[in-house]
There are 2 protein chains.
Amino acid sequence: MKQEVSIVDVAREAGVSIATVSNVVNGKGRVSTKTIQKVRKVIDELGYTPNLPARNLKTKRTDLIGVVVPTMKPGRLQDNPFYWDLLAGVEEGARDRSFHIILTGIDEATETFSFVKERRLDGLIVVGTNEGSQAVQRVTGLGVPAVFIDSYLKDSGLYQVNLDDRQGSYRATSYLIEQGHRRIALLIGDIPMERIAYYGVLHERWLGYRDALEEAGIPYDPRLMIKLPTSLAGGYKAADQLVELPDVTAIFSFSDVSAMGVLKGLKEKNKSVPGEYSVIGFDNLFMSEYTSPSLTTVSQNIIEKGHAAVRMLLNQIDGEPLSERRIVLPAGLVVRETTGPGPHQSSE
Amino acid sequence: MKQEVSIVDVAREAGVSIATVSNVVNGKGRVSTKTIQKVRKVIDELGYTPNLPARNLKTKRTDLIGVVVPTMKPGRLQDNPFYWDLLAGVEEGARDRSFHIILTGIDEATETFSFVKERRLDGLIVVGTNEGSQAVQRVTGLGVPAVFIDSYLKDSGLYQVNLDDRQGSYRATSYLIEQGHRRIALLIGDIPMERIAYYGVLHERWLGYRDALEEAGIPYDPRLMIKLPTSLAGGYKAADQLVELPDVTAIFSFSDVSAMGVLKGLKEKNKSVPGEYSVIGFDNLFMSEYTSPSLTTVSQNIIEKGHAAVRMLLNQIDGEPLSERRIVLPAGLVVRETTGPGPHQSSE
DNA sequence: CTCTCTACATTAAACGTTTTACCATATTAT
DNA sequence: ATAATATGGTAAAACGTTTAATGTAGAGAG
């Protein structure tokens, strides 16, 4: 194992000072073209690679950002491809600015985020936490630039990027109503309704649903809330409850994977989609185009979400924080085959 | 922004030398219980956090490993949830040993892996590259501990972890044959068959398919190879070709997502599964249980794959390399609903 | 010829650790 | 008592950079 070659080796070999080599490497200061070439040559010959940890020590910047996703533990959240896309967006955005990302799953209960300080990360991106969560306090306590994705935190001092969940949900619900559905079940997640305000994303989507109902003059019926996890298995079980709800002809599921579960459950019960039930999802995963029937769903640009978060974070790090602290991306609706006319078609 | 507190602040405040503080922090050297407590107390009061980059500079270890996945570029590979699971396994394994992972997508054409040297990463995990790829040469040229996942590199000096793809493929094919299928199409990927030996994973699976054929005395028919990408879209298009192949009653697809595409394509053509066609996938994604009909597929423990790679890498880093350079994990077969009896049932 | 610029280049301190070699003091063995 | 050995602690160098302050030489101006 050959000895590492450092900046002083280069300096000696090139017959200049280490400061000059440093300047050449970083393109700073004044140095003549002749010297630049000489130093570059030596760098190539010796195969010198700058030692970033050493640089970090001096500059107090690591060009490293942490990305924290909620319990990436096997079995928990890995079952939603959504996060992979988001990560791809973040990674790409970071790479474009020659930052690297340190990825870590967290166990909300135990995570102290100490690694952020220890490793002197320049910033942190936190995905999908909630108002009042331990994580939020701990992160803000760090005093490190941070951006929260999909978290809907009340503290308006925090940088956040969200989807316009309420609007998206409103559009989906309105569409079902237009199609003639009046009793629309909601697969909302495994949460106590009295605390829904704490579940940012779910809350917003729930509000959007209610907006649409209200606009159409349809009374809100709490019995239509199906409180099961928005996972494949949750969706599958939700079908059981769905078929017991009288007069319900549609279900809006707060994630595509759970909608797939619903589809599967309904098919096993020999309920036709969209004949007997219309189903609508949320996320527009790449897969959703290939289910049978293909899934009508609320769409979002996940990659762009990642990009936006990185941009916001890097601006903070560079000391030129964006004036807007909250970016809200638009939600779309893509109509495919799981939705069809309901019983009240001419009700408008 | 309060000044960072360093080891010397702690030392001064506690009235000991910095060497002693260092020893307390790292649990090394000899230091009396009384001093330990005193120092610990001061550390808490001052809120001291060790500076890892500084430590790295001195120790030449970063406790950081790089994870490289093939072009995590939007649109490319993100469309296979497989990688997310793998990443979860790696991350978890690393975290257990208090390593962190730096994740980066690569563009095989341009990536030089210079970040590995610059950041002084302790090791590297590379996923899904191929024999003869630029990436392999560059990584080995780095002289850094590395483990290749799903790469089937001939150079037996390299550490690798693979699935027993050949065996898995053999089992799947044999199962179809047992069920009475004799002409079995293969959705093999968008590659030139004359170069198949370079595509490690695909090659092995192809060999497994041929093993099973040979054992059953069924001649290999190259016309049954469908050369389309093993993606959702590829699978969907594969259905077009499938229905044109005379007497074919089954298709074996080299990924679950592409099998889902096939399912969708067949349904649109009003071909029944498993009535007219049996379909079998590869990977056993969590979703595969929820397709309609649910997918028969070759299963693997992806999380364990990640764990194994980390273990292998960390042993190298610790200077106690495993004697076996290649770990091969077993493949299973999970039979669900997309496979059924074929026309030659009593052929055995 | 001296003075002031300008353009390059260097010196040396600092960043926050770890670690080797060494020094006390207390304990035990002789 | 003396020598040998533990035990607890320290001084100082080193890791590879960046950067502020400073130096030097040559060119043009007076």
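## DNA strand D

A phosphate oxygen of DNA strand D lies 2.3 Å from an N or O atom in the side chain of Ser22(A). Such a pair is a polar contact (N or O atoms within 3.5 Å; within protein, one must be able to donate a hydrogen and the other to accept it, and residues adjacent in sequence count only if both atoms are side-chain atoms). Tyr48(A) places a polar side-chain atom 2.9 Å from a phosphate oxygen of DNA strand D. From chain B, a polar backbone atom of Ser17(B) is 3.0 Å from a phosphate oxygen of DNA strand D. Helices (H or I, at least four residues) and strands (E, at least two) are DSSP runs numbered from the N terminus.

DNA strand D is surrounded by 27 residues, the closest being Ile7(A), Ser22(A), Thr20(B), Ser32(B) and Thr35(B). A residue is near a strand if one of its heavy atoms lies within 4 Å of it. The largest share of this surface, five residues, comes from α4(A). Of the atoms of DNA strand D within 4 Å of the protein, 67% belong to sugar or phosphate and the rest to bases.

## Basis of the model

The model is predicted: local features need pLDDT of at least 70, side-chain atom pairs count only at pLDDT 80 or more, and totals for chains, interfaces and linings use all residues. Residues are numbered from 1 along each chain as its sequence is written, chains are lettered from A and ligands numbered from 1 in the order in which they are written, and side-chain values use heavy atoms, with hydrogens and water left out.

## DNA strand C

Sugar or phosphate accounts for 70% of the atoms of DNA strand C within 4 Å of the protein, and bases for the rest.

Chain B reaches phosphate oxygens of DNA strand C through a polar side-chain atom of Ser22(B) at 2.4 Å, a polar backbone atom of Ile7(B) at 2.7 Å and a polar side-chain atom of Lys28(B) at 3.1 Å. The elements that give two or more residues to the surface near DNA strand C are α2 and α4 of chain A together with α2 and α4 of chain B. α4(B) gives the most, with five residues.

## Contact between chains A and B

The contact (heavy atoms within 4.5 Å) takes 59 residues from chain A and 58 residues from chain B. The two chains bury about 5,600 Å² between them, 63% of it on carbon and sulfur atoms. In chain A, Trp84(A), Arg119(A) and Tyr290(A) lose the most area to chain B, together 16% of what that side buries. Buried area is the accessible area (1.4 Å probe) that two parts lose on being put together, summed over both.

There are four salt bridges between the chains (a side-chain nitrogen of Lys or Arg within 4 Å of a carboxyl oxygen of Asp or Glu). One of them joins Lys264(A) to Glu337(B), with the closest N and O atoms 3.7 Å apart. Three bridges join β2(A) to strand β2 (residues 100–106) of chain B, and these strands run antiparallel. Strands pair if DSSP finds at least two bridges between them. Ile102(A) has Ile102(B) as its bridge partner in β2(B).
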